[in-house]
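Hi,

Here's the structure I said I'd pass along.

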Amino acid sequence: MQEAGAIRQRVPLQAVEQPSLHRRRCAHEIGLVDHASRTAQLSAGAAPMENGLQYDPLEAPEPEEWLAIDEAERIHLTQDYHRRARIRLPNEKLHAVFHVVVENQIALGDEMPVQSTVHRLMAEGLDRHEAIHAIASVLAEFMHDLVNNPGSSTESNQAYFAALQRLTAEGWLVP
Ligand SMILES: [Zn+2]
């Protein structure tokens, strides 16, 4: 009994926020949680498309260049990366769409707290691809709610930003 009390005392009151079950389910459906081995990711580089464009989530694209690419092409480039990295996904297209939405938000810089969240998660130990997946899992949860519960969407941006603030590398990597 005493030992149990001692253990309890060591647990901080504000434990790391665990992703909700709902968020985890969304993340699984989009293939965000099966972290590819970093070796495979690195070997996926250096094979630009015919038009010279290439996407690599480990390196931030130039915002102006990224936003200048046609949206469908951005999705295509993202799918191409995951194929070259041999990352198996339950739904390639959906996974790519979430990448593109997060990259678009990153490219907006200080207009949204997404770029700063990527930087913080990377400082906490995630690589850039993992950080994008972690953010996409939050986004997926909010979009799911938006579709299924449209009445509650008035302040969804604020709620999304608040959830990004609570997102941590540690919380994301919890198995
Ligand atoms: Zn990915």
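On burial: 29% of the 175 residues of the protein count as buried. Keep in mind that this is a predicted model. As for contacts, 68% of those in the protein with a separation of 6 or more are between residues 24 or more positions apart.

The fold itself is quick to describe: ten helices and zero strands, so to speak an α-α-α-α-α-α-α-α-α-α run from the N terminus on.

How far to trust it? The mean pLDDT of the protein is 82, with 75% of the residues at 70 or more. Confidence is highest in helix α7 (residues 114-123), with a mean of 98, and lowest in helix α1 (residues 2-10), where the mean is 46. The pLDDT stays below 50 over residues 1-14, and that stretch has zero contacts in the model beyond near neighbours in sequence.

The bit I looked at in detail is a helix pair. Two packed helices are described by the angle between their axes and the distance between the axes. For helix α5 (residues 71-84) and helix α6 (residues 92-107), the axes come within 8 Å and cross at roughly 115°. The crossing of α5 past α6 is right-handed.

Which residues make the contact? From α5 there are Glu 71, Arg 74, Ile 75, Thr 78, Gln 79 and His 82; α6 brings Glu 92, Lys 93, His 95, Ala 96, Val 97, His 99 and Val 100. By type, the residues of this α5 and α6 contact split into four nonpolar, five polar and four charged.

Cheers

How values were computed: Residues are numbered from 1 along each chain as its sequence is written. This is a predicted model: local features need pLDDT of at least 70, side-chain atom pairs count only at pLDDT 80 or more; totals for chains, interfaces and linings use all residues. pLDDT is the predictor's confidence in each residue, from 0 to 100. Helices (H or I, at least four residues) and strands (E, at least two) are DSSP runs, numbered from the N terminus. Two residues are in contact if their C-beta atoms, placed from the backbone, lie within 7 Å. A residue is buried if 20 or more other C-beta atoms lie within 10 Å of its own, exposed if 12 or fewer, and partly exposed in between; C-beta atoms are placed from the backbone. Axes are lines fitted to C-alpha atoms, for helices over the stretch in contact, and angles run from 0 to 180 degrees between N-to-C directions. A crossing is left-handed if the near helix is turned anticlockwise from the far one by less than a right angle, and right-handed if clockwise. Ala, Val, Leu, Ile, Met, Phe, Trp, Tyr, Cys and Pro count as nonpolar, Asp, Glu, Lys and Arg as charged, and the others, Gly among them, as polar.
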